[in-house]
Amino acid sequence: MSPISILNVSSSRFILTGFPGLEVHYLWISIPFSSIYAMVFLGNCMVLHVIRTEPSLHQPMFYFLAMLALTDLCMGLSTMYTVLGVLWGIIREISLDSCIAQSYFIHGLSFMESSVLLAMAFDRYIAICNPLRYSSILTNDKIMKIGVTILCRSSLLIPPVIIRLKFLNYCHPHILSHSFCLHQDLIRMACSDIRFNSIYGLALVISNLLLDAVLILISYIMILHAVLAIASREERIKSLQTCVSHICAVSVFYIPIIGLTMVHRFGKHLSPLVHVLMGNIYILFPPLMNPIIYSIKTQQIRRRSFKQLLKC
């Protein structure tokens, strides 16, 4: 075994993977990535600022949108320092503790985004299927309770599987598949018994991401059934248009997750570049696209954003 391999096996530090084979082009690659992170930061901050300062947007739908923007902002911030650090040549390795912490935030924020999208689907269901009771069902107190439930669900269920990563024995080469840390990447390098992590991790995915996706699908089946019962064609179109932004947000969240899962599960023969690319799409695509989607499709946010830009 070479000295480098011995170091990788015995060390408590992990090597971050950028874009294999493109190391000489990292400076150029960092330009679009820096631009994307800047757009993630500015776009989500703009959405949060507009919702906070515009009294007409103090409604349940926009409170949930603010939760989504805050989640996307935190997701961008949780990976920015390692992704850009690798591309700028500032960092090459990450300690086990930092890796575990980053893994906790990435997975926790993914579960949080899924929960927020489910809450937004519930909001659209009430608005279309029970419009007369909308304001009485989704009161500020109820929204606050939903927000606390989302936070607890996303942050308190993950520690058992994440904390256990600290006590695993990592005897395989400490080379991560991405420029950031994922739970499945760490257990791949472990020689200890990982049955708990595998079973508990699968249970978390089923009880969070999969369950949320099924409930969102059910809510839209019920919404579609209610919309088709509306006599006026114009009213049907108007009702469905209020759901377009949310459907787009659901798509840009779940499609990259499914793609990354398929690549990890069935794409072992694929180039490492494909794994890296899918990982970055999973991390950056939803935070980048959600502000754009809601700015384009939501008239109040679009108008207010233009006013803010003109002031600048």
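In which crossing does helix 3 pass helix 11? The tour below reaches that pair at its third stop.

**Before selecting anything**

This is a predicted model, in which local features need pLDDT of at least 70 and side-chain atom pairs count only at pLDDT 80 or more, while totals for chains, interfaces and linings use all residues. Residues are numbered from 1 along each chain as its sequence is written, and side-chain values use heavy atoms, with hydrogens and water left out.

Colour the chain by pLDDT, the predictor's confidence in each residue, from 0 to 100. The chain average is 88, and 95% of the residues score at least 70. Now select residues 1–10: pLDDT stays under 50 there, and the model has 12 contacts beyond four places in sequence for this stretch. Contact means heavy atoms within 4.5 Å.

**Stop 1: helix 3 and helix 4**

Helices are DSSP runs of H or I, at least four residues, and strands are runs of E, at least two, numbered from the N terminus. Select residues 60–87 (helix 3) and 96–129 (helix 4); their axes are 9 Å apart and the packing angle is about 160°. Axes are lines fitted to C-alpha atoms, for helices over the stretch in contact, and angles run from 0 to 180 degrees between N-to-C directions. Helix 3 and helix 4 are therefore roughly antiparallel. Angles under 35 degrees count as roughly parallel, over 145 as roughly antiparallel, 65 to 115 as roughly perpendicular and the rest as oblique.

**Stop 2: helix 3 and helix 6**

Show the side of helix 3 with Pro-60, Tyr-63, Phe-64 and Met-67, which meets Asn-140, Ile-143, Ile-146, Gly-147 and Ile-150 of helix 6.

**Stop 3: helix 3 and helix 11**

Select residues 272–297, helix 11, which packs on helix 3 at about 140° with axes 9 Å apart. Helix 3 passes helix 11 in a left-handed crossing; that is, the near helix is turned anticlockwise from the far one by less than a right angle, and clockwise would be right-handed. Residues in the contact include Asp-72 and Met-75 of helix 3, and Pro-286 and Pro-287 of helix 11.

**Stop 4: two annotated stretches**

The unreviewed UniProt entry annotates "transmembrane region" over several stretches, among them 143–163 and 243–267; such annotations may be inferred rather than shown by experiment. Residues 143–163 are 90% helix and 0% strand, with end C-alpha atoms 31 Å apart. Residues 243–267 are 96% helix and 0% strand, with end C-alpha atoms 34 Å apart.
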